[in-house]
Amino acid sequence: MSLSDIKHIVLVLSGKGGVGKSSVTTQLALTLALQGHSVGVLDVDLTGPSIPRFFGIEDAKVKQAPGGWIPVPVHEARERDGKKLGSLQCMSLGFLLANRGDAVVWRGPKKTAMVRQFLSDVQWKSLDYLLIDTPPGTSDEHISLVETLLKNAATEQLAGAVIVTTPQAISISDVKKELNFCRKTGVHILGVVENMAGYVCPNCSECTNVFSKGGGEIMARDFDVPFLGSVPIDPMFIRLIEEGERPVYPEGTVVEGKDMTNGNANTNDTANRDLLAEKYEACSLHGIFDGIVKRLVVDIDG
Ligand SMILES: Nc1ncnc2c1ncn2[C@@H]1O[C@H](COP(=O)(O)OP(=O)(O)OP(=O)(O)O)[C@@H](O)[C@H]1O
Ligand code: SF4
């Protein structure tokens with residue numbers, strides 16, 4: 001097993017597809033790296049591996065070494081303005097497909113074997129956190145993932161699961177199954193993130209609750225698990241991912257009490273301008289994830 005060089009393993013789960021599990025995984029990873037931690041992301045969403053697209057490294061190929069696969073570096077660790085930016089590495093089935101967008105139509109046993117191989121054959125280099133992006137629901141991949149981790153990772157390594165939902169009732173009812181899955185398999189629930197709770201207007205600071213808000217928080221309370229935070233839809237985040245552009249907010253935009261007009265990143269730092277983490281730091285969602293990650297780290301590190 002190549003898990004020995006990892007301090008904490010965190011699963012990211014959702015009951016339904018399309019609720020933003022991969023974008024939450026991406027933002028947790030970027031935020032942890034911005035807080036100075038070394039981070040790996042393992043994408044085990046075998047039928048829809050989207051993490052390479054989120055990191056803008058879709059065309060990368062993994063190298064094969066004698067001990068297994070070498071994950072793709074998103075960026076190396078570095079100092080910036082006296083602060084440490086942690087390294088970020090990634091492994092996904094997307095890197096192994098001959099063509100981007102190839103469909104993966106595999107039966108359960110093949111998926112199970114692939115998940116096991118991902119856990120045993122990726123040569124992660126001294127990680128503080130390994131985030132595992134899973135497919136929606138509770139499928140064969142989840143069962144083999146959890147079984148393999150419980151068998152091969154030390155108890156203190158498996159920190160637990162972050163559950164992603166949207167505020168609507170339909171998503172919440174699916175997420176309850178996910179919470180029950182964690183309870184049955186003995187995976188600690190680190191907390192619930194409510195994604196797509198409102199919409200940040202690109203023309204002004206207004207955040208409109210398109211759907212109902214607060215369903216995730218109520219569910220977390222009902223299940224007696226931590227509520228980690230509400231994340232609105234910010235079109236600037238999509239632009240950052242799709243076009244790689246640093247978000248630029250209109251004059252006077254205040255999100256969650258923070259003035260976003262000039263971005264909150266060091267825009268003069270030209271040496272770092274090409275880094276995704278740098279660009280993400282200027283996105284309104286980063287302020288929210290900064291809080292979510294600080295709460296998580298306290299829970300995990302004790
Ligand atoms: N808070 C947000 N603000 C803006 N865009 C978002 C937000 N959350 C998700 N998105 C966008 O919504 C789309 C779906 O998100 P994502 O791929 O993360 O969902 P998922 O739950 O991982 O889906 P899948 O079913 O493929 O696992 C993506 O294009 C993503 O960029
Ligand atoms: S929130 Fe205000 S600026 Fe934004 S679209 Fe609506 S009316 Fe226009």
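How many of the nine residues of strand β1 are buried? The answer opens the first of the legends below.

The views show a predicted model, in which local features need pLDDT of at least 70, side-chain atom pairs count only at pLDDT 80 or more, and totals for chains, interfaces and linings use all residues. Residues are numbered from 1 along each chain as its sequence is written, while chains are lettered from A and ligands numbered from 1 in the order in which they are written.

**View 1. Strand β1 and its two partners.**
Strand β1 covers residues 6–14, and eight of these nine residues are buried. Helices (H or I, at least four residues) and strands (E, at least two) are DSSP runs, numbered from the N terminus. A residue is buried if 20 or more other C-beta atoms lie within 10 Å of its own, exposed if 12 or fewer, and partly exposed in between, with C-beta atoms placed from the backbone. Two strands pair if DSSP finds at least two bridges between them. Six bridges link β1 to β9 in the parallel sense, and His8 has Tyr129 of β9 as its bridge partner. With strand β10 (residues 158–165), β1 also forms six bridges in the parallel sense; here Leu13 stands opposite Ile163.

**View 2**
Five of the five residues of β2 are buried. Val39, Val41 and Asp43 point one way from the strand, whereas Gly40 and Leu42 point the other way. β2 and β8 run parallel and are joined by five bridges, with Leu42 opposite Met91 of β8. Strand β9 (residues 127–133) pairs with β2 in the parallel sense, also over five bridges, and Val41 stands opposite Leu131 in β9.

**View 2. The two sides of helix α3.**
Helix α3 (residues 108–121) has 14 residues and reaches 20 Å from its first C-alpha to its last, close to the 20 Å expected at 1.5 Å a residue. The expected span is 1.5 Å times one less than the number of residues in the helix. Its buried residues are Lys111, Val115, Phe118 and Leu119. They lie on the same side of α3 because they cover an arc of only 95° around the axis. This arc is that of the directions from the helix axis to the C-beta atoms. An α-helix has 3.6 residues a turn, so residues three or four places apart point the same way. Pro109 and Ala113 are exposed on the face of α3 turned away from its buried side. The cover over the buried residues of α3 includes β2 (39–43), β8 (88–92) and α4 (140–152).

In α6, Gly215, Gly216, Met219 and Ala220 are buried. These buried residues line one face of the helix, because they fall within an arc of 135° when seen down the axis of α6. Arg221 and Asp222 are exposed on the other side. Asp224 is in the loop between α6 (215–223) and β13, and its phi is positive, near 55°, although the residue is other than glycine. Most residues other than glycine have a negative phi, and most peptide bonds are trans. Asp224 counts as exposed, with 7 C-beta neighbours inside 10 Å.

**View 3. Ser126 in a loop.**
Ser126 is placed in the loop between α3 and β9. Ser126 is not a glycine, yet has a positive phi of about 25°. Ser126 is exposed, with 11 other C-beta atoms within 10 Å.

**View 4. Leu285 and its contacts.**
Leu285 belongs to helix α9 (residues 284–301) and is buried, with 26 other C-beta atoms within 10 Å. Leaving aside neighbours within four places in sequence, Leu285 is in contact with Gln27, Val231, Asp234 and Phe237. Two residues are in contact if their C-beta atoms, placed from the backbone, lie within 7 Å. Leu285 and Val231 are 54 residues apart in sequence but 6.9 Å apart in space, C-alpha to C-alpha.

**View 5. The surroundings of ligand 2.**
Cys201, Asn203, Cys204 and Glu206 surround ligand 2. A residue is near a molecule if its C-beta atom, placed from the backbone, lies within 6 Å of it. The shell has two nonpolar, one polar and one charged residues. Ala, Val, Leu, Ile, Met, Phe, Trp, Tyr, Cys and Pro count as nonpolar, Asp, Glu, Lys and Arg as charged, and the others, Gly among them, as polar.
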